[in-house]
Amino acid sequence: MSNQILAQEISQRAAKAARAIATLPTAEKNAVLQKMADAIRQHTPAILKANADDLVAGQEKGLDAAMMDRLALDEARIEDMASAIEEIIALPDPVGESYLLEERPNGMRVDKMRIPLGVICMIYEARPNVTADAGALCFKSGNAVILRCGREAIGTSKIIAEAMHSAIEASGLPKDVVTVVPTPDRDLMAELLKQSDHIDLVIPRGGEGLIHYVSDNSKIPVIQHYKGVCHLYVDKDADLDKALALLLNGKTQRTGVCNALEGLLVHADVADRFLPMAAAALAEKDVKVHACAQSMPHFDGAEVIADDAFGEEYLALEIAVRTVKDYDHAVEHLDQFSSGHTDVICTENEQTARRFIADIDSAVTMWNTSSRFSDGGQLGLGAEIGISTSKLHAYGPMGLQSLTTEKFVVTGNGQIRP
């Protein structure tokens with residue numbers, strides 16, 4: 001079978017399955033989701049075996065540490081996947097929500113109602129948890145999902161999907177509600193990106209190369225999950241102990257994720273006090289520092305970084321440090337080098353914090369809290385399907401509501417237009 005025909009069949013089956021669940025009652029969807037969570041737990045040995053094979057293949061391929069960390073599963077991470085599905089069960093179902101927009105002078109009532117998008121195509125690399133998260137989120141929001149996983153995690157993802165299929169079919173629903181593309185062949189992905197008659201939205205998650213390829217080649221709307229160059233700005237009115245805790249948690253708690261800190265900006269008025277604290281703490285954690293010329297004297301073994309060379313996503317124990325002369329200089333830096341994912345200010349000055357929130361255009365702006373909370377689950381959305389850094393209908397962590405759209409519902413009593 002050619003890739004063109006296979007892509008057509010996958011997308012057509014998904015579109016048919018989407019129609020089967022679009023108006024499914026919430027209680028029925030939640031019951032299926034609980035079966036999914038239970039099935040994932042029951043499949044733990046099989047998932048771990050498949051993941052071990054994927055990890056061996058990844059090592060042989062020379063995947064970097066960040067990619068291997070994303071790929072690796074253990075019993076705790078599998079339990080997290082199942083628990084994330086149960087968190088989705090507890091969330092309100094957005095499908096069918098409606099609200100009055102206006103009552104017209106002629107007596108017509110105009111409402112808006114939330115409906116599923118239809119078919120979502122997820123394209124991702126070494127993140128097997130996306131299989132469960134995306135499958136469950138799309139199901140709860142009444143959508144079918146096509147999951148095109150990279151070859152790094154294809155074995156693990158297929159077993160996770162098998163577990164979900166067992167729950168779906170046991171409930172009398174079509175398993176094509178959740179489809180894992182059987183091969184990571186790039187040509188097949190290219191054909192899927194042409195299926196605009198059946199696929200409604202594409203969400204790529206992965207490296208810059210993947211994001212650009214999908215955006216350049218898709219005939220379907222794309223929500224970009226672009227790189228996470230996240231910053232912490234330590235203001236002149238910051239609590240420096242608080243700032244140090246935010247720095248260490250944001251940079252070292254887990255490095256290979258998109259909400260980890262990649263840049264530290266420090267107001268010149270507190271640089272001589274804060275940077276020695278940061279230098280000692282980062283050295284203890286073996287963090288490699290790339291520092292501007294003004295910050296360099298505070299660090300042993302740091303590499304100097306040019307003023308135009310910031311903006312790197314390290315996904316490792318590395319960070320770029322810059323001393324900024326004032327608040328406006330910090331905003332200027334973020335305008336140039338932030339990827340629009342997450343940026344944090346540490347300050348005890350509420351006026352400055354409110355100004356930062358208004359000035360910084362990132363999908364998530366934070367005041368005195370760790371960038372590691374920039375995550376759908378941590379922000380109360382349950383699992384997330386991604387963090388949008390493109391300003392379409394969704395911006396920031398995408399939960400259930402972001403997988404729906406609104407239609408107009410107009411109710412009358414025989415009105416005709418004169």
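Q: Where is the place of serine 98?
A: In this predicted model, serine 98 sits in strand β1, which covers residues 98–103.

Q: What makes serine 98 partly exposed?
A: Its relative accessible area is 46%. The partly exposed class lies between under 20% for buried and over 50% for exposed, so serine 98 is partly exposed.

Q: Which residues is serine 98 in contact with, leaving aside its neighbours within four places in sequence?
A: Lys112 and Met113. Leucine 317, on the other hand, is 219 residues along the chain from serine 98, and their C-alpha atoms are separated by 47 Å.

Q: What is the order of the open sheet that has β1 in it?
A: The order is β1-β2-β16, a sheet of 3 strands with antiparallel pairing.

Q: Why is one side of β1 and of β16 left without a neighbour in that sheet?
A: Because β1 and β16 (404–411) each have a single partner strand, they stand at the edges. On average, neighbouring strands here are turned by 30° against each other, direction ignored.

Q: How do you know that β2 and β16 pair?
A: Pairing asks for at least two bridges, and strand β2 (residues 109–116) is joined to β16 by 8 bridges, running antiparallel. One example is valine 110, with valine 410 as its bridge partner in β16.

Q: Why is strand β7 called largely enclosed?
A: The cut-off for buried is under 20% relative accessible area. In β7 (residues 230–234), 5 of the 5 residues are buried, so the rest of the structure largely encloses the strand. Cys230, Leu232 and Val234 point one way, His231 and Tyr233 point the other way, and all of them are buried.

Q: Which strands does β7 pair with, and what makes that pairing?
A: Again, at least two bridges are needed. β7 has 5 bridges to strand β8 (residues 261–267) and 4 bridges to strand β12 (residues 342–346). It runs parallel to β8, and β7 and β12 run parallel too. Cysteine 230 has leucine 261 as its bridge partner in β8, while histidine 231 has aspartate 343 as its partner in β12.

Q: What makes a right-handed β-α-β unit with β7?
A: The other parts are helix α10 (residues 240–252) and β8. Right-handed refers to a clockwise path from the first strand over the helix to the second, with the strands pointing away from the viewer.

Q: How do you know that β11 is mostly covered?
A: By counting: 6 of its 7 residues are buried. β11 has parallel pairing with β8 over 5 bridges, and with strand β9 (residues 288–291) over 4 bridges. In β11, arginine 322 is the bridge partner of leucine 265 and glutamate 318 that of lysine 288.

Q: Why is α2 called oblique to α3?
A: Helix α2 (residues 26–42) and helix α3 (residues 44–61) pack at about 60°, with axes 5 Å apart. Roughly parallel needs an angle under 35 degrees, and roughly perpendicular starts at 65, so α2 counts as oblique to α3. Ile40, Arg41 and Gln42 of α2 make the contact with Thr44, Pro45 and Ile47 of α3. By class, that contact has 3 nonpolar, 2 polar and 1 charged.

Q: Why are α2 and α5 called roughly antiparallel?
A: The axes of α2 and helix α5 (residues 75–90) cross at roughly 175° and come within 9 Å. The class takes angles over 145, so the two helices are roughly antiparallel. Among the α2 residues in the contact are Leu33, Met36 and Ala37, and the α5 side includes Ile78, Ala82 and Ile85. The residues of this contact divide into 9 nonpolar, 3 polar and 3 charged.

Q: What is phi for leucine 315 and for asparagine 368?
A: Leucine 315 has a positive phi of about 55° without being a glycine, and asparagine 368 has a positive phi near 55°. Most residues other than glycine have a negative phi.

Q: Which class of accessibility, buried or partly exposed, does each of these two residues fall in?
A: Leucine 315, in the loop between β10 and β11, has 17%. The buried class is under 20%, so leucine 315 is buried. Asparagine 368, in the loop between β13 and β14, comes out at 22% and therefore counts as partly exposed.

Conventions:
Residues numbered from 1 in each chain as written. Predicted model: local features only at pLDDT ≥ 70, side-chain atom pairs only at ≥ 80, totals over all residues. Heavy atoms only, no water. Buried < 20%, exposed > 50% of the residue type's maximum accessible area, 1.4 Å probe, protein only. Axes fitted to C-alpha atoms, helices over the stretch in contact; angles between N-to-C directions. Parallel < 35°, antiparallel > 145°, perpendicular 65-115°, else oblique. Contact = heavy atoms within 4.5 Å. Nonpolar A, V, L, I, M, F, W, Y, C, P; charged D, E, K, R; others polar.
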